[in-house]
Number of protein chains: 2
Amino acid sequence: MNQGTSFLDDPDDTREAIMRATYVALGKHGYSDLTIQRIGDEFSKSKSLLYHHYDSKDDLLLDFLEFMLTQLEEQLPVYKDSGADDHIQDIVDQTFVFGGTHTSDDFARAILELRTQGANDDAFRSYFTRSDQFVRKHVAHTIRSGIEQGIFRDVDPQETAALFQLTFVGTMTQRVTSDDDVLEDARAEFERYVRECLLAE
Amino acid sequence: MNQGTSFLDDPDDTREAIMRATYVALGKHGYSDLTIQRIGDEFSKSKSLLYHHYDSKDDLLLDFLEFMLTQLEEQLPVYKDSGADDHIQDIVDQTFVFGGTHTSDDFARAILELRTQGANDDAFRSYFTRSDQFVRKHVAHTIRSGIEQGIFRDVDPQETAALFQLTFVGTMTQRVTSDDDVLEDARAEFERYVRECLLAE
DNA sequence: AAAAATTGATTGAATAGTCAGTCACCACGT
DNA sequence: ACGTGGTGACTGACTATTCAATCAATTTTT
């Protein structure tokens, strides 16, 4: 069975512990060297217990993916209707990250490794498809809102959000897989784009 | 030993065959399920022979990475000094791809899977670091050239190239790991960015 | 004949997953 | 208050398989 099947389970202590163990093991060894053994090593209980909670390694990893995507989505800045321009700036900050909560490289590494599995695993890919659409709609809504407020130009919200989404994914990939410090420069240019192509004059 | 150690080797028939086999196996099974056995299965000769040409699986994979990056760099449109704007358009086309030679999803998948290994493997990461810098300099040079020609605005070539690079990586990641068809929209918006933020008025 | 290419058989270490069984706890009837 | 039985958490030992890597032997090339 997956996650908490009953709504009256204990506060899901064990699941969280397993997720944490998986996270640590993934960080240490990388996805392709991630084994049940190694997850068990980071877990206070025994490795066999993992099979009591999950049917298989795949089952566990799929739950872990869901866990991580939840974390990721919770990181989205909430939209206080105040100013769409402020909110967009929050999103840009979040994208290029400085000191977000657990926006460490570890977290980005984990997400990217999971994401890459989507290249060969339909189940994984459909999770990310849903997550991408969620994020994209969130951004598109903000932009639409900003246009109505008259602080953004009359751009296509769908298309603009798509480029934001692409930049977000690109940043995550780039940060983790290259030592070239392209990110600062890219950020400067992206902010120029926001100023000159999005904000009203 | 790696690759062709002598410059007078036979036209590297075997190496190419091994690279091809690795490519096919990678496409079929994905990096984390890629085994010497499976590479051997796609290879006309026996699996043991792989160890005659390479010291270890890692050694083989590292050579494969170099092989793939060479392919990738050869795909860069050459800069005929005619017009920087045409050349930039070529680069955009290449980034968002339509019918490039082997710019199939298979190729993108393979590159992304290799790239993601860089998250945990320093050797892999340094290859991509070098490759990124190569591409970025190429784009920066084109932009600098376009500015001198007066067809681009007076932007910062380094920063602009960085955003191109980010978009390139983001596209590759997105294409392969999500069914959300964000790419068309993102392309439309990116071309708007080029028109309004890069091209002279 | 010497060197290089190629093979099948084999090894020892991991691998995912199983299984029989222990333990703590809780509800129930008496 | 006291058994009694049921349940789920938990474990260590185990299996069958797969893995990377080795090697002695054979074929092919030079």
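**Salt bridges and the chain interface**

User: How many salt bridges does a search of the whole structure find over all chains?
Analyst: The model is predicted: local features need pLDDT of at least 70, side-chain atom pairs count only at pLDDT 80 or more, and totals for chains, interfaces and linings use all residues. Residues are numbered from 1 along each chain as its sequence is written, chains are lettered from A and ligands numbered from 1 in the order written, and side-chain values use heavy atoms, without hydrogens and water. A salt bridge here is a side-chain nitrogen of Lys or Arg within 4 Å of a carboxyl oxygen of Asp or Glu. Over all chains, the search gives 28.

User: Which residue of chain A meets B:Asp185 in a salt bridge, and why does the pair join two chains?
Analyst: The N to O distance of this salt bridge is 2.8 Å. B:Asp185 sits in helix H9 of chain B and its partner in helix H7 (residues 122-149) of chain A, so the pair joins two chains. Helices are DSSP runs (H or I, at least four residues), numbered from the N terminus. B:Asp180 also forms a salt bridge with that partner, at 2.8 Å, N to O. The residue is A:Arg136.

User: How many salt bridges are counted between chain B and chain A, and which helix of chain B supplies the largest share of the side that touches chain A?
Analyst: The count between chain B and chain A is 8 salt bridges. Helices H1, H6, H7, H8 and H9 of chain B each supply at least two residues of the side that touches chain A. The largest share, 15 residues, comes from H8(B).

User: What area is buried between chain B and chain A?
Analyst: Contact means heavy atoms within 4.5 Å; 53 residues of chain B are in contact with 52 residues of chain A. In chain B, B:Leu166, B:Thr177 and B:Glu189 lose the most area to chain A, together 14% of what that side buries. Carbon and sulfur atoms give 55% of the buried area. Buried area is the accessible area (1.4 Å probe) lost on putting two parts together, summed over both, and the value is about 4,400 Å².

User: By what turn can chain B be laid on chain A, and how are the two copies related?
Analyst: Copies are superposed by least squares on the C-alpha atoms of residues with pLDDT of at least 70 in both. The RMSD is 0.1 Å, with a turn of 180° and a shift of 0.0 Å along the axis. The two copies are thus related as by a two-fold rotation axis.

User: Which residue of chain B comes closest to the rotation axis?
Analyst: Of the interface residues of chain B, 98% are also interface residues in chain A, so the copies meet through the same surface. The closest C-alpha in chain B lies at 1.7 Å from the rotation axis. The residue is B:Gly170.
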